[in-house]
Amino acid sequence: MRFNCNGLTLAEAVLKVSKACAVRTTAPVMECIKITATGDGISLLATDGELSIEKKLNAEVMEEGSVCVPGKLFSDFISKLSGEEIDVSTGEKGVAIAYRDSKSYMQAVSAEEFPAINLNAGENSFVMKQSAFKQIVAETVFCCAQDDSRPVLKGCLMELNDTLKMTSLDGYRLAFSETSILSKSGEKNMICPARTLNEISKMLTGEEDEEVTLYEEGGQLLVKSEGTTIVSRLYRGEFIKRENVVPTKFSTYVTLDKAELMASAERAAIIIRGDKNNLVTLDISSERVKISSVSESGTVAETLNAETDGVDLTISMNAKYLLDALRALRENRVTISFSGAISPFILQNQEKKDSLYLILPVKNAS
């Protein structure tokens with residue numbers, strides 16, 4: 001195998017593909033990027049068994065072939081050659097990388113050891129605007145679980161009907177959002193890893209009105225855009241039913257300026273930075289909300305004007321969860337609905353109710 005290409009183009013492609021390289025594995029080939037040279041271009045492919053990323057790019061191919069190179073090592077090395085024309089070839093010493101009057105060598109693994117990845121689009125698909133996909137991902141994935149105790153919660157539930165509904169939760173909070181789609185073939189529920197959704201979102205760099213098609217078949221989701229293909233295994237299992245978690249009856253409603261609440265919550269969070277519980281408290285009474293936090297470092301207590309309806313209430317919560325939800329809401333004014341000091345509460349835009357954030361309160365020992 002031998003090809004010549006621009007260093008910057010290769011470096012950007014390798015960086016993108018390396019996101020799918022396995023980090024801790026007993027199979028060294030899973031830490032590799034497979035390079036395949038055919039015709040007038042090359043393809044880079046990496047997989048960790050759950051997520052696979054392929055990138056195709058133009059290159060001058062002198063000799064067709066394929067080889068596997070250590071993903072992180074190759075990515076780090078090529079990133080330092082972004083201003084060069086690079087000649088890559090295989091030989092007895094492994095992979096040779098030539099640039100200017102220099103040549104470096106890197107150990108390689110036979111391409112035959114690399115697992116087979118199905119990069120063909122499935123029959124089931126749905127089409128939506130790139131901007132809508134990126135928005136719904138940004139509004140939900142941050143609530144996915146981070147640990148492996150319940151793997152299914154590391155993904156978002158995607159419910160495809162006349163719209164796309166996405167739900168995520170980690171046991172302490174829940175996010176839900178709904179957006180329109182342009183077309184679909186069939187109706188489908190699937191649980192897609194949050195990591196996959198984030199990588200797809202990063203891949204989509206088109207204009208706001210450009211479309212993206214997502215394909216599903218055989219427990220896999222596939223998306224292609226501008227020479228990049230992402231394939232991901234979907235999670236199997238039962239996802240928590242949203243209607244069993246989100247309350248429908250409330251005793252206290254608060255509507256207020258989102259920016260003011262965020263600013264106060266951020267100041268309160270600074271004082272409790274490093275505290276185990278990271279708690280802020282909302283004290284709600286007629287036409288006002290007092291937000292406070294207490295730690296060994298000091299105290300914060302601020303009062304905000306608000307539209308209130310219902311019984312007075314004092315409730316404490318994790319500051320990060322509150323701020324994450326507020327950042328995800330798009331309108332200038334938000335409504336928070338409570339059903340008691342120890343019951344889950346929800347945050348929504350004041351007008352458009354296409355997204356919802358649920359947070360479990362914390363009993364404040366103080």
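An open sheet of four strands, in the order β22-β21-β20-β24, is found in this predicted model, and its pairing is antiparallel. Strands are DSSP runs of E with at least two residues, helices are runs of H or I with at least four, and both are numbered from the N terminus. Two strands count as paired if DSSP finds at least two bridges between them. The edges of the sheet are β22 (298-305) and β24 (313-318); each has a single partner strand, so one side of each is left without a neighbour in the sheet. On average, neighbouring strands of this sheet are turned by 20° against each other, direction ignored.

The model is predicted, so local features need pLDDT of at least 70 and side-chain atom pairs count only at pLDDT 80 or more, while totals for chains, interfaces and linings use all residues. Residues are numbered from 1 along each chain as its sequence is written, and side-chain values use heavy atoms, with hydrogens and water left out.

**Strand pairs in the sheet**

Strand β20 is joined to β21 by five bridges, and the two run antiparallel. In this pair, D283 stands opposite K290 of β21. The two strands form a hairpin with two residues between them, and E287 in the turn has a positive phi of about 65°.

Strand β21 (residues 288-295) also pairs with β22, through eight bridges and again in antiparallel fashion. S295 stands opposite G298 in β22, and the bridge partner of R288 in β22 is N305. β21 and β22 form a hairpin with two residues between them.

**Helices on the sheet**

Helix α5 (residues 258-271) lies across β20 (279-285), β21 and β22, and runs at about 170° to β22. Helix α6 (residues 319-328) packs on the sheet too, where it touches β20 and β24, and its direction makes about 90° with that of β24. Axes here are lines fitted to C-alpha atoms, for helices over the stretch in contact, and angles run from 0 to 180 degrees between N-to-C directions.

The two helices α5 and α6 pack at an angle of about 155°, with their axes 10 Å apart. That makes α5 roughly antiparallel to α6. By the cut-offs used, angles under 35 degrees are roughly parallel, over 145 roughly antiparallel, 65 to 115 roughly perpendicular, and the rest oblique. α5 passes α6 in a left-handed crossing. A crossing is left-handed if the near helix is turned anticlockwise from the far one by less than a right angle, and right-handed if clockwise.

On the α5 side, K258, L261, M262, A265, E266 and A269 meet A319, L322, L323, L326 and R327 in α6. Contact means heavy atoms within 4.5 Å. By class, this contact has eight nonpolar, no polar and three charged residues. Ala, Val, Leu, Ile, Met, Phe, Trp, Tyr, Cys and Pro count as nonpolar, Asp, Glu, Lys and Arg as charged, and the others, Gly among them, as polar.

**Other helix pairs**

Helix α1 (residues 7-18) and helix α2 (residues 71-79) have axes that come within 9 Å and cross at roughly 150°. The two are therefore roughly antiparallel to each other, and α1 passes α2 in a left-handed crossing. G7, L10, A11, V14, L15 and S18 in α1 meet F74, S75, I78 and S79 in α2. This contact has six nonpolar, four polar and no charged residues.

Helix α3 (residues 130-138) and helix α4 (residues 194-203) pack at an angle of about 145°, with their axes 10 Å apart. Their crossing is left-handed. F133, K134 and V137 in α3 meet L197, N198, I200 and S201 in α4. The residues of this contact divide into four nonpolar, two polar and one charged.

Strand β12 (residues 163-169) is mostly covered, with five of its seven residues buried. Buried means under 20% relative accessible area, exposed over 50%, and partly exposed in between (1.4 Å probe, protein chains only). The table gives the pairings of β12.

A hairpin joins β11 to β12 through two residues. The hairpin of β12 and β13 has three residues between the strands, and G171 takes a positive phi near 100° there.
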